[in-house]
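Trainee: I want to go through the aromatic contacts in this model with you. Can we take the rings one by one?

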Amino acid sequence: MNNRKIIFVGGIHAVGKGTVCEKLSQKFNFEHLSASQVLKWNEISDSKNKKVQNFSTTQDRLLTNLNRIIEPDKKYLLDGHFTLLNSNGEPEKIDESTFVGIQPQSIILLTSEPKIIFDRLKQRDNTKYKLSVLEKMQEMEVEHAKYISKKLDIPLFTVIDGDTSSIFEYLEKL
């Protein structure tokens, strides 16, 4: 039986995970953690670098740090990804063992039009990504979220363009 109170909020870069988590935290008294914050990404990479050199090492660090942070009586939103860009700039799925280790009780997956994400990334990070890479990454993100949901036998709630009202309704039923 999973006694952790973690909802994993997934989506590709610039889909709005932080904004949505902030609103959910205020309404439902969740503590919001980002995978980058838990990883201490700033210690292992430049904040604008979205490429992961070593998936295994990075995910092990995420789980180790998460286990140090999580308290049994608190509710958490952990925002992160189901796919990341590997060192070649290609989308790659995060190993399912990471999600087994996180033990989320539910998944909220955020999606948006890749063109909107492209524009947000350009504005936020002053970085241009190939639209085709963002399209492939989001497609893989959705596919992998569905797989992880089935594998862990937990609910998956998909949201388009950060529709927080539908998420509010979903969380009130959990």
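Predicted model: local features only at pLDDT ≥ 70, side-chain atom pairs only at ≥ 80, totals over all residues.

Trainee: Which geometry does the aromatic pair of F8 and F82 have, stacked or edge-to-face?

Mentor: By the ring-pair rule the count comes to six aromatic pairs. F8 and F82 form an aromatic pair with 5.1 Å centre to centre. The planes are 70 degrees apart, and over 60 counts as edge-to-face. The geometry is edge-to-face.

Trainee: How many residues apart are F8 and F82?

Mentor: F8 sits in strand β1, residues 6–10. F82 sits in the loop between β4 (76–80) and β5 (83–86). The pair links distant parts of the chain, and the separation is 74 residues.

Trainee: Is F8 buried or exposed?

Mentor: The cut-off for buried is under 20% relative accessible area. F8 has 3%, so F8 is buried.

Trainee: What is the angle between the planes of F28 and F168?

Mentor: F28 and F168 also form an aromatic pair, 5.8 Å centre to centre. The pair is edge-to-face, which requires over 60 degrees. The angle is 65 degrees.

Trainee: Which helices hold F28 and F168?

Mentor: The two residues are 140 apart, so this pair links distant parts of the chain. F28 is in residues 17–28 and F168 in residues 164–173. Those helices are α1 and α8.

Trainee: Is F28 buried or exposed?

Mentor: Buried needs under 20%. F28 has 13% relative accessibility, so F28 counts as buried.

Trainee: Which residue lies over the face of F168?

Mentor: F168 has a charge over its ring as well as its pairing with F28. The distance from the ring centre is 5.2 Å, and the limit is 6 Å. The residue is K27.

Trainee: Where does the charged end of K75 sit?

Mentor: It is 4.9 Å from a ring centre. The ring is that of F30.

Trainee: What is the radius of gyration of the protein chain?

Mentor: The secondary structure comes to eight helices and eight strands. The globule rule gives 16 Å for 174 residues. The chain's value is close to that, so the chain is as compact as a globular protein of that length. The radius of gyration is 15 Å.

Note on methods: Residues numbered from 1 in each chain as written. Heavy atoms only, no water. Phe/Tyr/Trp six-rings, centres within 6.5 Å; stacked < 30°, edge-to-face > 60°. Helix = DSSP H or I, 4+ residues; strand = E, 2+ residues; numbered from the N terminus. Buried < 20%, exposed > 50% of the residue type's maximum accessible area, 1.4 Å probe, protein only. Lys NZ or Arg CZ within 6 Å of the ring centre and 35° of its normal. Rg over C-alpha atoms; globule rule 2.2 N^0.38 Å.
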